[in-house]
Protein chains: 2
Amino acid sequence: MTAVLALLEFAPGTGATTGFRLVDPAQPHLTVTDLAATRGDGIFETARVVDGRVQALEAHLERLAQSARMLELPAPTLPLWRDAINAVAVALAAAGVADGSIKFVLTRGIEGGQVPTGWVLGLPSPDFTRERAEGIRIVLLDRGYRHDVAHTSPWLLAGAKTLSYAVNRAVLREAARRGADDALFVSSDGYLLEGAVSSLLLRVGSRLVTPRVDIGILAGTTQADVFNWAELQGFTTGYELLTPGDLATADAAWLVSSVRHAAPVRAVDGVERPIDAELTARINAALDGRID
Amino acid sequence: MTAVLALLEFAPGTGATTGFRLVDPAQPHLTVTDLAATRGDGIFETARVVDGRVQALEAHLERLAQSARMLELPAPTLPLWRDAINAVAVALAAAGVADGSIKFVLTRGIEGGQVPTGWVLGLPSPDFTRERAEGIRIVLLDRGYRHDVAHTSPWLLAGAKTLSYAVNRAVLREAARRGADDALFVSSDGYLLEGAVSSLLLRVGSRLVTPRVDIGILAGTTQADVFNWAELQGFTTGYELLTPGDLATADAAWLVSSVRHAAPVRAVDGVERPIDAELTARINAALDGRID
């Protein structure tokens with residue numbers, strides 16, 4: 001599989017990014033003492049790349065910086081990250097990958113050291129044609145946290161995009177066990193949160209709504225782009241406290257994410273629900289056409 | 001710093017361990033696509049090594065296997081892990097490290113592959129003389145989960161020792177911010193759980209108690225050894241649902257762990273409390289003297 005990897009370079013002491021270099025992704029580049037590998041102690045973003053252009057790059061960089069603040073990591077030097085990400089995107093296109101994804105990662109570095117580790121990895125995208133057209137079956141799974149936990153207990157890092165994603169992987173196994181494709185987290189006090197790696201979007205008439213982002217979830221970069229587009233199309237949009245009842249009665253529902261884009265929800269906990277194929281196609285055409 | 005590293009070798013397909021080899025720990029051995037580094041998707045154990053002997057090795061191996069089951073990782077081939085761990089322990093002693101620690105890690109391997117990654121890293125121990133003698137200041141921090149979450153929501157992996165430990169690191173930063181040395185997790189419904197990397201132990205008269213292990217916490221290997229020793233000394237022992245009130249009124253409290261052993265708690269949320277220096281010394285002498 002075609003892959004392109006850039007390693008970020010950091011100044012000892014300050015943690016500032018000083019540059020990057022392209023390296024062979026098949027070779028090992030991390031020591032077993034990197035805190036990414038021993039503690040999941042780092043942050044990441046994943047963006048889509050179309051013909052060498054990274055979609056929503058500024059929103060992803062901004063969220064990376066926000067996650068870094070929440071984990072008290074050195075602030076990423078965004079101009080150099082932007083350069084590295086664009087260099088990987090261009091190299092991916094040059095290697096013949098028209099539809100790709102880029103993951104960029106910042107870790108606390110080697111245990112006991114003061115120097116972060118960072119990399120940018122470009123890969124071809126999986127083909128999500130089927131999910132976008134036919135929809136996905138989801139299950140609602142308890143995340144265990146109340147909806148106010150980001151306020152009461154910031155050390156739980158709710159709303160930061162960390163490398164500690166073992167639970168996000170476990171919920172996908174649980175979903176598969178129940179015959180579903182994906183999971184939607186629910187707070188312990190009954191509010192809809194987000195998918196394992198996606199945001200929830202509901203249509204209620206001519207209104208699009210998504211869960212409020214102050215309830216310990218990520219601010220979705222793709223969801224934000226859908227809202228911007230939808231407002232131009234005459235939809236109203238809103239951030240709300242939503243419940244499973246709202247999902248059951250919504251006219252349509254999607255999980256939206258940077259690479260899969262809008263996947264319509266065709267069943268919740270085994271109960272079939274209608275999908276809005278026409279609006280799904282329009283949303284995904286708009287997302288495909290993003291030029292930044 | 002002296003370090004000894006063994007990489008485990010796995011059979012493609014089955015995920016069974018086939019052997020190990022000693023390698024240079026300063027070199028990179030992990031790719032950036034290892035799920036340890038991208039998702040914190042793996043498990044670990046840390047044991048103390050004294051003069052080339054690994055303490056409580058069988059208990060650690062058993063807990064590794066239990067974590068593997070909870071994460072649906074391939075079952076570790078324990079005889080080969082035992083050999084690798086003992087080889088690292090012996091090499092550590094041969095390098096002049098009389099007091100060391102060994103961390104062993106099993107990950108889901110490279111994303112998209114079917115082969116786990118595993119390693120065993122031996123390092124010298126930090127010096128915990130001061131913590132054992134003078135005690136530690138702790139703060140109580142909400143873990144966000146109810147005490148019954150391991151039963152209701154097993155996909156949250158409560159009670160598995162995973163690599164997704166960003167929160168365990170964040171609580172230590174929060175503790176430091178509050179002038180403390182360590183943190184003790186409390187469930188969202190008010191029960192004492194465990195430290196970031198330790199178990200809680202209380203003395204009430206001639207009784208030693210620790211939180212029940214069915215409330216989403218790790219079964220402490222060191223706590224179990226303390227209980228076995230204490231029963232021979234005439235103490236009674238018990239696993240109970242404990243509250244902050246129980247901690248406040250206990251005659252003595254400790255956080256116990258594999259490498260630091262018993263650290264007496266000298267303050268909770270800024271409130272000083274007595275330490276039992278004599279019993280602490282006896283417990284730590286017993287733990288130092290463990291021969292398996």
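Modeller: Happy to! One term comes before the rest: the bounds of a domain come from an automatic or database domain assignment. Please also keep in mind that this is a predicted model.

With that term in hand, look at chain A, which is divided into domain 1 (4-124) and domain 2 (129-288). Taken over C-alpha atoms, the centres of these two domains of chain A are separated by 26 Å. Their contact takes 21 residues from domain 1 of chain A and 20 residues from domain 2 of chain A.

Now to the space itself. Rolling a probe the size of a water molecule over the atoms shows where empty space is left. The part to look at here is the second largest pocket, with a volume of about 380 Å³. Where does the second largest pocket lie? Both domain 1 (4-124) and domain 2 (129-288) of chain A give residues to its lining, so the pocket lies between them.

Let's go around that lining. The second largest pocket is lined by 19 residues, and those nearest its centre are A:Arg63, A:Gln66, A:Gly159, A:Leu218 and A:Ala219. Helix H2 (57-71), helix H5 (149-152) and helix H7 (221-232) of chain A are the elements that give two or more residues to this lining. H2(A) provides the largest share, six residues. Sorted by class, the lining of the second largest pocket has nine nonpolar, six polar and four charged residues.

The size of an interface is often given as the accessible area lost when the parts come together. Between domain 1 of chain A and domain 2 of chain A, the buried area is about 1,600 Å², and carbon and sulfur atoms give 61% of it. On the domain 1 side of chain A, the residues that lose the most area to domain 2 of chain A are A:Phe44, A:Arg48 and A:Arg63, together 39% of what that side buries.

Key
Residues numbered from 1 in each chain as written. Chains lettered and ligands numbered in written order. Predicted model: local features only at pLDDT ≥ 70, side-chain atom pairs only at ≥ 80, totals over all residues. Heavy atoms only, no water. 1 Å grid on protein atoms, 1.4 Å probe; cavity = no way out; pocket = protein on both sides within 12 Å on 5 of 7 lines; lining within 4 Å. Points joined across faces, edges and corners; volume = space filled by probe spheres on them. Helix = DSSP H or I, 4+ residues; strand = E, 2+ residues; numbered from the N terminus. Nonpolar A, V, L, I, M, F, W, Y, C, P; charged D, E, K, R; others polar. Contact = heavy atoms within 4.5 Å. Buried area = accessible area lost by both parts, 1.4 Å probe.
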